[in-house]
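Thank you all for making time this morning. I would like to walk you through one protein model, and I will keep to the side-chain contacts and the overall fold.

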Amino acid sequence: VQLQASGGGLVQAGGSLRLSCAASGRTFSSYVIAWFRQAPGKEREFVAAIGWSSATHYVDSVKGRFTISRDNAKNTVYLQMNSLKPEDTAVYYCAAGRDMASIVGLYGSWGQGTLVTVSS
């Protein structure tokens, strides 16, 4: 499966953005799709994931602020980000895998990343 992330931009603290991850391939609905992020000088970290049944998993730092969802008819996963903080600033990547996991190495397909910048 090939992935393309979009929707990043510059937003003030407290604002919102919605990221999209568009996928190609007829088996999209069977994949777990996750969002990771990587801030300058830091390792890539897990943000959220959604399974084929729409079960979700979030890192603690975004719970209650971010919502991951999927539209299998459009082969797209979304990440709605509300109440953004400067520490959310990073390049956000979407990834496809077979297991609901927070480990980078378990995801075999990656999008190109989209930059989110949150100003204070």
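Let me begin with two charged residues, Asp88 and Arg37, which are both buried. Please keep in mind throughout that this is a predicted model.

The side chains of these two residues, Asp88 and Arg37, meet in a salt bridge, with 2.9 Å from N to O. Asp88 sits in the loop between strands E8 (76-81) and E9, while Arg37 belongs to strand E4, so that the pair links distant parts of the chain, 51 residues apart.

Which other residue forms a salt bridge with Asp88? That residue is Arg65, and the closest N and O atoms of the two are 2.8 Å apart. Because Arg65 lies in the loop between strand E6 (56-58) and strand E7 (66-71), whereas Asp88 lies in the loop between E8 and E9, this pair ties together parts that are 23 residues apart in sequence. Arg65 also counts as buried, at 10% relative accessibility.

Arg37, for its part, forms a salt bridge with Glu45 as well, and there the closest N and O atoms are 2.6 Å apart. Glu45, with a relative accessible area of 34%, is partly exposed. Through shared partners, the salt bridges join Arg37, Glu45, Arg65 and Asp88 into one network. The count for the structure comes to four salt bridges.

Now to the aromatic side chains, where the structure holds four pairs. One of them is formed by Phe36 and Trp110, a tilted pair with 5.1 Å centre to centre and 50 degrees between the planes. Since Phe36 lies in strand E4 (residues 32-38) and Trp110 in strand E10 (residues 107-110), the pair ties together parts that are 74 residues apart in sequence. Phe36 is buried, with a relative accessible area of 0%, whereas Trp110, at 26%, counts as partly exposed.

A second pair to look at is that of Tyr93 and Trp110: the ring centres are 6.5 Å apart and the planes stand at 75 degrees, so this pair is edge-to-face. Here too distant parts of the chain are linked, with Tyr93 in strand E9 (residues 90-97) and Trp110 in strand E10, 17 residues apart. Tyr93 counts as buried, at 14% relative accessibility.

What lies over the face of Tyr93? Arg44 does, at 3.7 Å from the ring centre, and Arg44 also lies over the face of Trp110, at 4.9 Å from the centre of that ring. Taken together, Phe36, Phe46, Tyr93, Tyr107 and Trp110 form one aromatic cluster.

Finally, a few words on the protein as a whole. Its secondary structure comes to zero helices and 11 strands. A compact globule of 120 residues would have a radius of gyration near 14 Å, and the 13 Å found for the protein agrees with that; along the principal axes, the C-alpha trace spans about 40 × 25 × 25 Å. Of the 120 residues, 44% are buried, and among contacts with a separation of 6 or more, 56% come from residues 24 or more positions apart. The protein exposes about 6100 Å², of which carbon and sulfur atoms supply 48%.

How values were computed:
Residues numbered from 1 in each chain as written. Predicted model: local features only at pLDDT ≥ 70, side-chain atom pairs only at ≥ 80, totals over all residues. Heavy atoms only, no water. Phe/Tyr/Trp six-rings, centres within 6.5 Å; stacked < 30°, edge-to-face > 60°. Helix = DSSP H or I, 4+ residues; strand = E, 2+ residues; numbered from the N terminus. Buried < 20%, exposed > 50% of the residue type's maximum accessible area, 1.4 Å probe, protein only. Lys NZ or Arg CZ within 6 Å of the ring centre and 35° of its normal. Rg over C-alpha atoms; globule rule 2.2 N^0.38 Å. Contact = heavy atoms within 4.5 Å. Areas by Shrake-Rupley, 256 points an atom, 1.4 Å probe, with all protein chains shown as cover.
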